[in-house]
Amino acid sequence: MTIRVVDNFLPKKEFIELKKLLLSNNFPYFFNNKVVLNKKVSQKDNYFFVHLVYNDELPGKINSPYFDYIKEIILNKLNIKKLIRVKINCYPKTSKKIQHGFHKDYPYKHKGLILSINTCNGSTTFKSNKKIVSIENKALFFDPSKLHGSTTCTDQQCRINIAINYIN
């Protein structure tokens with residue numbers, strides 16, 4: 001699997017504005033009672049918060065008043081023929097780092113981007129034992145139809161990233 005990492009993906013001013021919004025007390029995240037099952041993880045620790053911005057499977061597709069904002073600063077930078085899903089993930093800090101189960105976002109080949117909003121010791125991991133640590137404004141491009149997983153962090157209040165699935 002080809003993995004590409006781009007540091008300083010967004011211009012500094014745009015990134016700071018985005019980070020300020022997503023780390024504010026006013027941005028709405030919604031409880032999700034499971035990430036991806038990992039038999040080694042207690043069900044009580046298997047949760048996160050998410051803000052679904054866009055999902056091609058929904059009748060209206062756009063699910064957030066922030067869609068145009070995300071489109072302006074991120075989506076317009078990508079060569080997208082079909083947008084599949086955009087979501088913002090918030091993994092709360094845990095006392096020990098939790099590796100969530102490996103999964104495929106969709107069963108067909110497509111492109112994925114994970115943009116880290118804050119620097120922490122959480123990461124995106126791959127079955128090949130490769131891991132990409134969350135560093136603010138770092139973009140990770142990969143094929144999300146291949147097995148990958150997420151972790152929590154232990155050194156910040158939370159780990160926040162934007163996950164985008166698309167076809168180009």
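Student: What makes the protein chain agree with a compact globule?

Tutor: Its radius of gyration does. With 168 residues, a compact globule would come out near 15 Å, and the protein chain has 15 Å, so the two agree. Keep in mind that this is a predicted model. Along its principal axes, the C-alpha trace spans about 40 × 35 × 35 Å.

Student: What is the chain built from, and in which order do the elements run?

Tutor: There are two helices and ten strands in the protein chain. Starting at the N terminus, the order is β-α-β-β-α-β-β-β-β-β-β-β.

Student: How much of the chain is buried?

Tutor: Buried residues account for 48% of the 168 residues. As for the accessible surface, the total is about 9200 Å², and 50% of that belongs to carbon and sulfur atoms.

Student: Which share of the contacts joins residues at least 24 apart?

Tutor: Take the contacts between residues at least 6 apart in sequence: 75% of them join residues at least 24 apart.

Student: And how many charged side chains are there, positive and negative?

Tutor: You get 28 positive and 12 negative side chains, with the centres of the two sets 8 Å apart.

Student: Let's go to single residues. Why is Thr 2 called exposed?

Tutor: Exposed means over 50% relative accessible area. Thr 2 has 67%, so Thr 2 is exposed. You'll find Thr 2 in the segment before β1 (4–6). Leaving out neighbours within four places in sequence, Thr 2 is in contact with Phe 141, Phe 142 and Asp 143. Asn 63 is another story: Thr 2 and Asn 63 are 61 residues apart along the chain, and their C-alpha atoms are separated by 30 Å.

Student: Why does His 100 count as buried?

Tutor: The cut-off for buried is under 20%. His 100 has 1% relative accessibility, so His 100 counts as buried. His 100 sits in the loop between β4 (82–92) and β5 (111–116).

Student: What makes the pair His 100 and Ser 150 a polar contact?

Tutor: The distance limit for the N or O atoms is 3.5 Å. The side chains of His 100 and Ser 150 make their polar contact at 2.7 Å, so the pair falls within that limit.

Student: Is Asn 129 buried or exposed?

Tutor: Exposed: Asn 129 has 72% relative accessibility, and the cut-off is over 50%. Asn 129 lies in the loop between β6 and β7 (131–133).

Student: Lys 127 is in the loop between β6 and β7 too. What makes Lys 127 exposed?

Tutor: Its relative accessible area is 53%, and exposed means over 50%, so Lys 127 is exposed. Not counting residues up to four places away in sequence, Lys 127 touches Phe 102 and Leu 147. Lys 127 and Leu 147 are 20 residues apart along the chain, yet their C-alpha atoms are separated by 6.1 Å.

Student: Last one: how do you know that Asn 161 is buried?

Tutor: Asn 161 has a relative accessible area of 3%, and that is under 20%, so Asn 161 is buried. Its place is in strand β10 (residues 158–167). Asn 161 touches, among others, Lys 87, Tyr 91 and Ser 116, with residues up to four places away in sequence not counted. From Asn 161 to Ala 139, 22 residues apart in sequence, the C-alpha distance is 9.6 Å.

How values were computed. Residues numbered from 1 in each chain as written. Predicted model: local features only at pLDDT ≥ 70, side-chain atom pairs only at ≥ 80, totals over all residues. Heavy atoms only, no water. Helix = DSSP H or I, 4+ residues; strand = E, 2+ residues; numbered from the N terminus. Rg over C-alpha atoms; globule rule 2.2 N^0.38 Å. Buried < 20%, exposed > 50% of the residue type's maximum accessible area, 1.4 Å probe, protein only. Contact = heavy atoms within 4.5 Å. Areas by Shrake-Rupley, 256 points an atom, 1.4 Å probe, with all protein chains shown as cover. Lys, Arg positive; Asp, Glu negative; His and termini not counted. Charge placed at Lys NZ, Arg CZ, Asp CG, Glu CD. Polar contact = N/O pair within 3.5 Å; in protein donor to acceptor, adjacent residues only side chain to side chain.
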